[in-house]
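Hi there,

I'm passing a structure on to you, together with some notes on what turned up in it. Please have a look at it first and then read on.

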Amino acid sequence: MASNVDITASLSFFFLLLIGVFMDFINFVKDVGALEFTIPKEDLHLEFKTASWKLPQNIWETVSSFSNTDGGLIVLGVDEPQSHHYKIVGVDQPDDVIKELFNSNNNPTVINKPVIQDSDVKVAKFDGKTLIQIRILPAQFSDKPITYKDKTYMRSDDGDRLATHDQLKYLYAESQDQVDTRLLENFDWDSDLNLEDINDYRKKLEKVEDADSISKSDYELLTDIGVLRRDRRSSSKERKLTEGGLLFLVKFMSIMDRFPRFQLDYTRYAKDGDTDWVDRVSAGDMNYPEMNIYSFYNIVLPKITSNINDKYIQDEDLTRGSYVADLRSAAKEALVNCLMHAYYDGTIAIQIEDRPSYWEFTNPGDMRVSRESFLRGQKSEVRNSEIATLFRRIGISEKRASGGPRILRAASRNHLMEPEIEIDATNKITKIRIWKIDIRTKIDDEMVLDPTEKFIIDYAIQKSEFSFSQMFKDMNDKFGSNSTVRKRLNHLIDEKILISEGNGKSTVYKLEKTSEQEQVDKIMRLKNMEEKL
């Protein structure tokens with residue numbers, strides 16, 4: 001019998017194949033089918049280049065940009081005689097080109113770190129023409145920036161651009177494991193500290209750790225929790241303020257001296273489409289002149305979690321008893337995640353939108369792990385370890401990567417719209433949207449549903465698939481005749497809300513799902529399998 005380790009390893013490999021983490025090579029016979037084509041076209045993740053007998057030197061600009069952004073595929077042997085009109089011309093000397101590719105890949109005067117493996121290169125044939133496909137995976141944050149002749153490139157739309165000053169600063173900052181533990185010069189912790197927040201933190205710490213925090217001086221407490229640390233580069237025993245401590249417990253204007261773009265915003269809207277907010281919390285305005293990360297969290301969390309209306313209770317066994325508790329847990333995890341993983345030298349504010357149907361959490365900085373790793377809780381790569389530790393000391397966050405699974409579980413258990421994660425790899429921005437509504441509620445907002453259609457959709461949400469006869473039986477004659485119900489069912493199929501599979505009595509019905517929804521389902525199934533192991 002296979003060991004748990006073997007089974008888990010097999011599951012992890014199966015999962016990678018399932019969700020397509022590996023960037024797919026193009027099947028030119030199946031997906032293109034002609035020497036001249038317009039689709040697929042060059043974009044953020046695809047680049048075509050000619051290479052008759054020699055490797056084009058500008059390939060390394062693309063290798064650098066893909067590595068520093070979101071990865072991509074380079075195809076050699078394709079010309080672009082007109083804008084977005086492509087022609088397969090082939091590679092005449094593929095062996096020589098591949099040899100040159102790997103020689104340069106391992107030459108630090110060309111590219112500073114090798115990024116291409118044997119498995120990343122595929123030779124393909126189409127209509128007598130030879131094509132070379134090169135897959136470039138995004139580099140690990142600790143390996144960035146990937147440079148070509150000491151120049152750093154970023155991918156934007158369908159082109160390679162020299163990195164801007166802010167992008168370079170971000171990449172170099174990301175190469176460090178401990179971003180917010182750097183020590184600050186010329187900050188007087190005793191005058192810069194927000195005393196109200198440190199006293200509140202002290203009380204929470206004493207409850208959680210059952211320690212005598214009350215009797216400690218501010219200096220002793222800040223040293224104990226790591227906000228003040230000794231500078232080991234100096235013979236002096238002087239302790240200095242960490243960047244994370246500054247962001248977490250110091251006054252707003254003092255934070256601005258180090259992080260001039262520091263901004264935290266929470267806005268609540270009465271309707272999904274509104275542009276005018278009904279409630280706002282903004283760091284540094286007249287209502288919150290001394291706001292830092294800790295006070296923002298304490299003010300915003302109650303606003304988020306109190307704005308959940310338990311109005312999605314359904315008939316009979318279609319109830320959601322865990323809805324409010326699950327949504328509160330998901331919102332808390334997303335808020336903490338947003339604050340712990342933000343890049344505070346970024347060009348945008350941390351923004352939290354609270355709308356009737358969803359929350360949206362936006363923070364500068366892309367994820368240090370993949371979307372799938374985040375949702376599975378596979379591993380955690382915290383950008384701001386000091387901030388994470390300060391949250392963890394008072395029981396607000398956990399060391400293990402539990403936030404993503406809780407967000408996913410809240411959606412799965414309550415049949416809500418799947419959480420959406422959008423990562424702008426070029427501008428280094430992460431957005432997480434958590435829906436408060438299920439598919440039926442969203443459909444109800446977009447089209448007029450009669451009571452029969454509402455029941456059918458609710459039924460489909462609860463069942464992975466169902467037969468018409470079983471559903472009609474469960475209706476208990478509440479929605480009219482067999483033909484009336486079938487008419488409403490067919491209407492939902494015509495509207496592409498439901499799909500049918502099979503024929504005759506073996507026909508089953510299920511919700512039509514997007515590729516993103518199917519991917520989340522696969523992640524949830526694998527997560528359940530791992531937990532059973």
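Strand β19 (residues 498-501) and strand β20 (residues 508-511) run antiparallel and are joined by four bridges. Helices and strands here are DSSP runs numbered from the N terminus, helices being H or I with at least four residues and strands E with at least two; two strands pair if DSSP finds at least two bridges between them. L498 has L511 of β20 as its bridge partner. The hairpin of β19 and β20 has six residues between the strands, and in it G502 takes a positive phi near 95°.

Before going further, please note that this is a predicted model: local features need pLDDT of at least 70, side-chain atom pairs count only at pLDDT 80 or more, and totals for chains, interfaces and linings use all residues. Residues are numbered from 1 along each chain as its sequence is written, and side-chain values use heavy atoms, with hydrogens and water left out.

Next, the open sheet. Three strands form it in the order β8-β9-β10, with antiparallel pairing. Its edge strands, β8 (147-148) and β10 (159-162), each pair on one side only. Strand β9 (residues 151-156) is joined to β10 by four bridges, and Y153 stands opposite L162 in β10.

Across β8, β9 and β10 lies helix α3 (residues 59-68), at about 70° to β9 (axes are lines fitted to C-alpha atoms, for helices over the stretch in contact, with angles from 0 to 180 degrees between N-to-C directions). Nine of the 10 residues of α3 are buried, so the helix is largely enclosed by the rest of the structure. Buried means under 20% relative accessible area, with a 1.4 Å probe and protein chains only. Among these buried residues are W60 and F66.

Which residue sits in the loop between α5 (165-174) and α6 (189-192)? There you will find D180. D180 is buried yet has no salt bridge, and the nearest side chain of opposite charge, R229, is 7.2 Å away. A salt bridge needs a side-chain nitrogen of Lys or Arg within 4 Å of a carboxyl oxygen of Asp or Glu. A polar atom of the D180 side chain does lie 3.0 Å from the backbone nitrogen of E386.

Finally, V324 is found in helix α12 (residues 323-341). V324 is buried, with a relative accessible area of 16%.

Enjoy exploring!

Definitions and conventions: Contact = heavy atoms within 4.5 Å. Buried < 20%, exposed > 50% of the residue type's maximum accessible area, 1.4 Å probe, protein only. Lys, Arg positive; Asp, Glu negative; His and termini not counted. Polar contact = N/O pair within 3.5 Å; in protein donor to acceptor, adjacent residues only side chain to side chain.
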